[in-house]
Amino acid sequence: QVVQYFLARIEKNQDLNVFLEVYDQEALANAELIQNKIENGTAGRLAGMVIGIKDVLAYKDHGLQSGSKILDGFKSQFTATAIQRLIDEDCIIIGRQNCDEFAMGSSNENSAFGPTLNYADKTRVPGGSSGASAVAVQADLCHASIGSDTGGSVRQPAGFCGVVGLKPTYSRISRWGLAAYASSFDCIGPVTHSIEDAALLLEIMAGLDQYDSTVSNLPVEDYSSVTSTSKKYKIGYFEDAINSEGISADVKANTLVKLEKLKLAGHTMVPISFPKMKYLLPTYYILTMAEASSNLSRYDGIRYGYRNQNAKNLEDLYKKTRGEGFGKEVKKRIMLGSFILSADYYDAYYTKAQRVRRIIKEETEAFFKEVDFIVSPTTPTPAFKIGVKSTDPMEMFLADIFTVHANVVGLPSISIPNGTSAEGLPIGFQVLGTEFGEKNMLEFALNVQ
Ligand code: GLN
């Protein structure tokens, strides 16, 4: 019945353009099997939980296109470790969800399958790149979604859609089976209605994996046991950023009210000055474009998906396939990334950005000597109108100003709903935690939500 309910909701809300494929028959059949397990007392911890997955996660024998034409017709030959662990606990995968091509974007407008609409206002974007994963939860099309966050792609859409989005510490969850965008930034993360659901999904997905040697060997904590407490914290916030010009009046007001409430609740509020914040976006985009240009070289027309049929020779095949298969944003990033990694410019851009990344990490670690958490709005504005930023890359990049920090330094971060603007658009509140401090961060989020 639960699966049927969601299938009917998906059918009714097709205009949102959330699912690229719905596994209706399979989901119903699995529901039947899991129902039996429940009756026999052998069901897993997620029995009956209906989950949608972003189109960057491998699910054996199912389509995987990363929102791109270049993977037309491609089917996964294995299942991502994170997804397999959820399946092993008897969740039901209901379908794969639209996203920006190769997770590059902040509005879901870069998908080869067209934009996804925000359920709160269908003239607005849902954020990106896991935009559809957030709308799926917002519009009640499944219980939870699994997305990926390279610079905010789980938290920024969660903020725009009024749901919870969690990015764990880098290396907490295996990236095996996640289509690579920028490997030293990419994290899998859940989008959910509640902090408790996010904690449970994290607990199940996290931990060592023989297929990804970068996964941390620190033990996975029992995140799902978190409950709210009345602990008092030292809470840092970037005063200048919250008061800066780029923040819309409604987001600023909403955030200041939240900070005031936290103060009244007895927490110690610590303003932090972070002049290097202006280097976050340049550092992030230089490094992610460099990594993307390398990662995406595998799409050559030979090994995966789409292939141009009129090529005269091998080089022509590469050129035509990549020229036709990739969208504009992806091509732009591959070209810039190749430039950044080229012999003449490597030191000027790539090496320098790596150094800045290290300095920002050290400075952020120093902040955490003074405070337990750093809070901010998730985004500088609520969801914007479809089309308004797609011609201005700098404007679009600014949508990630608060979220990229966590990825540049590899720390965990969560976006929780924090009311709405006067127009009724959701506004998100973001928490940045300490390395592998997910459990404390989740408890804190529960305490201050
Ligand atoms: N919007 C950012 C980008 O385009 C972040 C995307 C992401 O986290 N995958 O790179």
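## Setting of D90

D90 lies in the loop between α3 and β3, where helices (H or I, at least four residues) and strands (E, at least two) are DSSP runs numbered from the N terminus. This is a predicted model, in which local features need pLDDT of at least 70 and side-chain atom pairs count only at pLDDT 80 or more, while totals for chains, interfaces and linings use all residues. Residues are numbered from 1 along each chain as its sequence is written.

The phi of D90 is positive, near 70°, although D90 is a residue other than glycine. D90 is buried, with 20 other C-beta atoms within 10 Å; a residue is buried if 20 or more other C-beta atoms lie within 10 Å of its own, C-beta atoms being placed from the backbone.

Helix α3 spans residues 81-88, and its buried residues are T81, A82, I83, R85 and L86. Their cover includes β2 (50-54), β4 (144-149), β6 (187-192) and α6 (195-205), contact being defined by C-beta atoms within 7 Å.

Leaving aside residues up to four places away in sequence, I92 touches V3, A27, N30, A31, I34, M49, V50 and I51.

## Further backbone features

S66, in the loop between β2 and α3, has a positive phi of about 50° although it is not a glycine. S66 counts as buried, with 29 C-beta neighbours inside 10 Å. The peptide bond from G128 to S129 is cis, with omega near 5°.

Technical notes
Two residues are in contact if their C-beta atoms, placed from the backbone, lie within 7 Å. A residue is buried if 20 or more other C-beta atoms lie within 10 Å of its own, exposed if 12 or fewer, and partly exposed in between; C-beta atoms are placed from the backbone.
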